[in-house]
Amino acid sequence: MSNLVTTDPKSTEPQPKTHAVLVAGFWLGGWAWRDVEPPLQAAGIITHAVTLPGLDGSGTDGVVLEDHISAVSSLAEGLDGDVVLVGHSAGGAVVQGAIDRRPYRARRVVYVDSGPLLDGV
């Protein structure tokens, strides 16, 4: 599979694919991004609104932050093209963990009503 698509209809030059991995905060699933996805998609960004383990109906027993980080890291690793990790609220801790694990995999990290945690927090 090629990692190039044309996103500008006037351009004949292929543009790299850009994926936005959208991680919502506590108790929210991928549905929380439904109003955000259409404008991103209209701009040529491929969106991946994540519902984290434990919030997907499978139950929360035994689910820890590491499970969320692993899910996002695995998703990002499997994407072809540039990746932007977006973390809202507690989703910021998840994307921070994902970028710490695989810093080469994301072009950017965006924090929405969040921010990176201090070491050890």
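Buried means under 20% relative accessible area, exposed over 50%, and partly exposed in between, with a 1.4 Å probe and protein chains only. At 72% relative accessibility, Trp27 counts as exposed.

This is a predicted model, in which local features need pLDDT of at least 70 and side-chain atom pairs count only at pLDDT 80 or more, while totals for chains, interfaces and linings use all residues. Residues are numbered from 1 along each chain as its sequence is written, and side-chain values use heavy atoms, leaving out hydrogens and water.

**Overall layout**

The protein has three helices and six strands. These are DSSP runs numbered from the N terminus: helices are H or I with at least four residues, strands are E with at least two. From the N terminus, the elements run β-β-β-α-β-α-β-α-β. Of the 121 residues, 34% count as buried. Contact means heavy atoms within 4.5 Å. Among contacts with a separation of 6 or more, 62% join residues 24 or more positions apart. The accessible surface comes to about 7200 Å², and 55% of that belongs to carbon and sulfur atoms. Areas come from the Shrake-Rupley method with a 1.4 Å probe; for residues, only the protein chains shown count as cover.

Four strands form an open, parallel sheet in the order 4-3-5-6. Strands 4 (45-50) and 6 (108-112) stand at the edges with a single partner strand each, so one side of each lacks a neighbour in the sheet. The twist averages 20° from one strand to the next. Two strands pair if DSSP finds at least two bridges between them. Strand 3 (residues 18-23) and strand 4 run parallel and are joined by six bridges. In this pairing, His19 stands opposite Ile46 of strand 4.

**Helix 3**

Helix 3 (residues 91-101) lies across strands 3, 5 (82-88) and 6, at about 145° to strand 5. Axes are lines fitted to C-alpha atoms, for helices over the stretch in contact, and angles run from 0 to 180 degrees between N-to-C directions. Nine of the 11 residues of helix 3 are buried. Among them are Val94, Val95 and Ile99. The buried residues pack against strand 3, helix 2 (65-77), strand 5 and strand 6.

**Cores and Val50**

A nonpolar core is a set of buried Ala, Val, Leu, Ile, Met, Phe, Trp, Tyr and Cys residues joined through side-chain atoms within 4.5 Å. The largest has 14 residues; Val21, Val23, Val50, Leu52, Val72, Val83 and Leu85 touch the most other members. Strand 3, helix 2, strand 5 and helix 3 each supply at least two residues. Helix 3 gives the largest share, four residues. A second, separate core of six residues includes Ala20, Leu22, Ala24 and Trp33.

Val50 sits in strand 4. Leaving aside neighbours within four places in sequence, Val50 contacts Val21, Leu22, Val23, Gly29, Gly30, Val72 and Leu75. Val50 and Val21 are 29 residues apart in sequence, yet 7.0 Å apart in space, C-alpha to C-alpha.

**An aromatic pair**

The structure holds one aromatic pair. Phe26 and Trp27 form it, tilted, at 5.2 Å centre to centre and 45° between the planes. Rings of Phe, Tyr and Trp (its six-membered ring) pair if their centres lie within 6.5 Å; planes under 30 degrees apart count as stacked, over 60 as edge-to-face and the rest as tilted.

| Residue | Relative accessible area | Class |
|---|---|---|
| Phe26 | 57% | exposed |
| Trp27 | 72% | exposed |
| Val50 | 12% | buried |
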